[in-house]
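Here's a quick briefing to read with the model open beside you.

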Amino acid sequence: MKKLNCFIPAINAEQVAPTIHELKAFSCVEQIYLLVMDENDVLSLGYPIIKINSLTSSQTISQIAHHCDTEYALLYTKHSTLNIGYFALERLLGLADDSKAGMLYADHYQLIEGNRRAMPLIACQEGSLRDDFNFGSLLLYRSSALKSAVAQTQGDYPFAGLYNLRLAVSRIAPIVHINEYLYTEVETDTRKSGQKIFDYVDPKNRAVQIDMEKACTEHLKAVGGYLEPNFTPIKFQETTFEYEASVIIPVFNRIKTIEHAIKSVLIQQTDFPFNLIIVDNHSTDGTTELIAKYKTDPRLIHVIPDRHDLGIGGCWNMGVHHPKCGKFAIQLDSDDVYADETTLTKMVTAFYEQNCAMVVGTYRMTNFEMETIPPGIIDHAEWTPDNGRNNALRINGLGAPRAFYTPMLREIKLPNTSYGEDYALGLRFSRHYQIGRVYEVVYCCRRWDGNSDSALDIVKQNAHNLYKDRIRTWELQARKQLNNTM
């Protein structure tokens with residue numbers, strides 16, 4: 001039987017003792033190290049202590065690597081009690097040998113307020129670059145891969161050490177997902193999915209995001225996927241359109257919100273002609289009839305597709321390829337509204353001033369009564385002209401509203417999906433073209449129980465995350481090919 005050393009966080013003896021008891025039951029456990037920030041009474045337990053500054057720093061990872069004198073290392077990343085499944089560590093070690101993995105992680109159970117639920121995870125692929133990828137809390141590393149990853153690391157990561165470790169390990173040996181439920185962890189974050197998805201843009205996490213970007217950029221350079229800040233210029237004067245801009249709203253069964261969206265477009269004040277193209281995907285709740293109320297306004301074009309197989313991306317393609325679509329196509333979700341009557345002007349101006357093929361604005365999170373809710377203003381201030389398109393492979397979204405130079409959008413086209421289609425476009429555009437930014441609030445993103453992502457179950461969340469990781473994988477592969485031809 002192969003041996004492993006275990007590294008577990010310890011706040012005090014009472015907190016960590018049950019997890020130690022679990023690990024001691026396995027004959028494959030050679031040594032248990034306690035990761036402590038404040039020793040308190042943990043010395044009384046008689047296990048070696050590693051003093052750390054945080055659980056996720058590169059300094060901590062280096063200390064763990066220094067104590068990896070067995071073939072494998074087991075890292076637990078939560079302070080709550082770990083309950084390990086029957087022969088689970090033996091199973092981990094056996095699969096580690098069989099797969100020659102550098103890192104393994106497994107499906108597991110979560111205890112939430114006393115109730116146990118299954119937590120299936122997804123496979124880690126080449127494009128799984130987001131720093132919030134869910135590996136669970138129990139991670140097994142091949143010690144040689146861990147040590148090599150630490151040796152390859154350049155610089156210090158106060159927050160991104162653990163993230164950098166798995167990126168570096170992935171360059172050395174496979175990261176393997178075990179589709180078996182091997183342990184139980186306690187989960188204290190009981191927020192709905194719609195509340196969690198904006199954590200990465202919370203202003204209080206700014207320093208963390210900068211550190212994560214640094215680690216991701218280092219990884220992209222190492223694998224040949226980093227793009228230098230050289231962009232293809234746009235020559236807007238080569239195209240002529242009847243309208244300068246078109247707002248495109250795909251909609252299905254949004255009778256509660258669509259009128260607010262329409263009104264926020266029609267009040268826009270511009271010195272150029274614009275229109276509104278609504279692609280009504282066969283609504284059945286009265287949305288179609290409500291839109292028809294505005295048919296007397298020549299700026300509103302109400303499109304009902306002949307097809308019945310369109311997702312949001314497909315509806316966008318239909319709107320963009322409409323003969324009345326303007327030079328710039330500007331997004332508005334049927335749930336949301338523009339902040340004021342200047343949104344279109346600000347977005348269109350950005351195209352010319354920044355010579356870009358795509359523009360992303362700034363939005364405010366509100367409830368249905370238009371009151372600001374946490375995290376407030378989402379400006380994606382982490383975006384930089386030089387490194388934004390590389391960092392885009394790490395984050396899960398680019399902001400709103402999104403606007404596109406129509407000739408390029410007609411050429412590239414959107415995937416016919418109802419999730420991730422806008423993110424796919426952002427990556428694809430940024431491969432060659434500059435993405436412009438508007439840092440004033442021009443959009444209100446309204447959160448309510450009817451939002452499509454307000455309370456997703458784990459199966460749906462996994463499907464969404466798996467698809468976005470696939471998008472990142474395809475884009476990373478394309479960028480590597482691009483670099484190889486330059």
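For the charge count here, Lys and Arg are taken as positive and Asp and Glu as negative, with His and the chain ends left out. On that basis the protein chain carries 49 positive and 58 negative side chains, and the centres of those two sets sit 4 Å apart. Keep in mind that this is a predicted model.

**Overall build**

- You're looking at 15 helices and 18 strands in the protein chain.
- The radius of gyration is 25 Å, close to the 23 Å from the globule rule for 486 residues, so the chain is as compact as a globular protein of that length.
- Along the principal axes, the C-alpha atoms fill a box of roughly 80 × 50 × 40 Å.
- Take the contacts in the protein chain with a separation of 6 or more: 80% of them join residues 24 or more positions apart.

**Surface and burial**

- The accessible surface of the protein chain is about 20700 Å², and carbon and sulfur atoms make up 52% of that.
- Of the 486 residues, 56% count as buried.

- Leaving aside residues up to four places away in sequence, I262 is in touch with L276, I278, I291, Y294 and L300.

**Helix α5**

- How many residues of helix α5 (residues 161-170) are buried? The count is 9 of the 10, so this helix is largely enclosed by the rest of the structure.
- The buried residues of α5 are G161, L162, Y163, N164, L165, R166, L167, A168 and V169.

**A closer look at V348**

- You'll find V348 in helix α11, which covers residues 343-354.
- Is V348 buried or exposed? Its relative accessible area is 4%, and the cut-off for buried is under 20%, so V348 counts as buried.
- Setting aside residues up to four places away in sequence, V348 touches E244, A245, F272, F328 and I330.
- K214 is 134 residues from V348 along the chain, and the C-alpha atoms of the two are separated by 32 Å.

Definitions and conventions
Residues are numbered from 1 along each chain as its sequence is written. This is a predicted model: local features need pLDDT of at least 70, side-chain atom pairs count only at pLDDT 80 or more; totals for chains, interfaces and linings use all residues. Side-chain values use heavy atoms; hydrogens and water are left out. Helices (H or I, at least four residues) and strands (E, at least two) are DSSP runs, numbered from the N terminus. The radius of gyration is taken over C-alpha atoms; the globule rule is 2.2 Å times the number of residues to the power 0.38. Buried means under 20% relative accessible area, exposed over 50%, partly exposed in between (1.4 Å probe, protein chains only). Contact means heavy atoms within 4.5 Å. Accessible areas come from the Shrake-Rupley method with a 1.4 Å probe; for residues, only the protein chains shown count as cover. The place of a charge is taken as NZ of Lys, CZ of Arg, CG of Asp or CD of Glu.
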